[in-house]
Amino acid sequence: MKEQARIGHGLASRSKELFHVAELVLHHHEFWNGKGYTAGLEGEQIPLECRIFSIMDAYDAMTNTRPYRKGMSKKRAIKELRKCSGTQFEPRLVDEFIRFVGSK
């Protein structure tokens, strides 16, 4: 799984259309606390776009049904985001995201 980010980075960096997002592809699994991958970036070292995308991606993965499990409720997904706020996700962005999805 960890190779997925490196492979995606390699593909994007060789594409004229995707070159500008190659670094974002590489770092979209970094954690706020520095325990993610690929480079162990932490906090604001992680590009803002990656910090935002990681929250959106996690929420999408939790709330949508997969072949191997049923999607969880919006309420439960929000609880999980809060639980990972400060470790996996930037707390300020989690709060903003919850305000956004809560208004829908």
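Author: Y59 is buried, with a relative accessible area of 15%; buried means under 20% relative accessible area, exposed over 50%, and partly exposed in between (1.4 Å probe, protein chains only). This is a predicted model, in which local features need pLDDT of at least 70 and side-chain atom pairs count only at pLDDT 80 or more, while totals for chains, interfaces and linings use all residues. Residues are numbered from 1 along each chain as its sequence is written, and side-chain values use heavy atoms, with hydrogens and water left out.

Y59 lies in helix α3, which covers residues 48-63. Helices (H or I, at least four residues) and strands (E, at least two) are DSSP runs, numbered from the N terminus. Leaving aside residues up to four places away in sequence, Y59 touches K74, A77, I78, L81, F97 and V101, where contact means heavy atoms within 4.5 Å.

Of its 104 residues, 36% are buried. Among contacts with a separation of 6 or more, 35% are between residues 24 or more positions apart. The C-alpha trace spans about 40 × 35 × 25 Å along its principal axes.

Helix α1 has 12 residues (2-13) and should span 16 Å at 1.5 Å a residue; its end C-alpha atoms are 18 Å apart, which agrees. The expected span is 1.5 Å times one less than the number of residues. An α-helix has 3.6 residues a turn, so residues three or four places apart point the same way.

The cysteines complete the picture. A search of the whole structure finds 0 disulfides, a disulfide being a pair of cysteine sulfur atoms within 2.5 Å. C50 is in no disulfide, and the nearest cysteine sulfur, that of C84, is 18 Å away. That distance is too far for a bond between C84 and C50. C50 is buried, with a relative accessible area of 3%, and C84 also counts as buried, at 18% relative accessibility.
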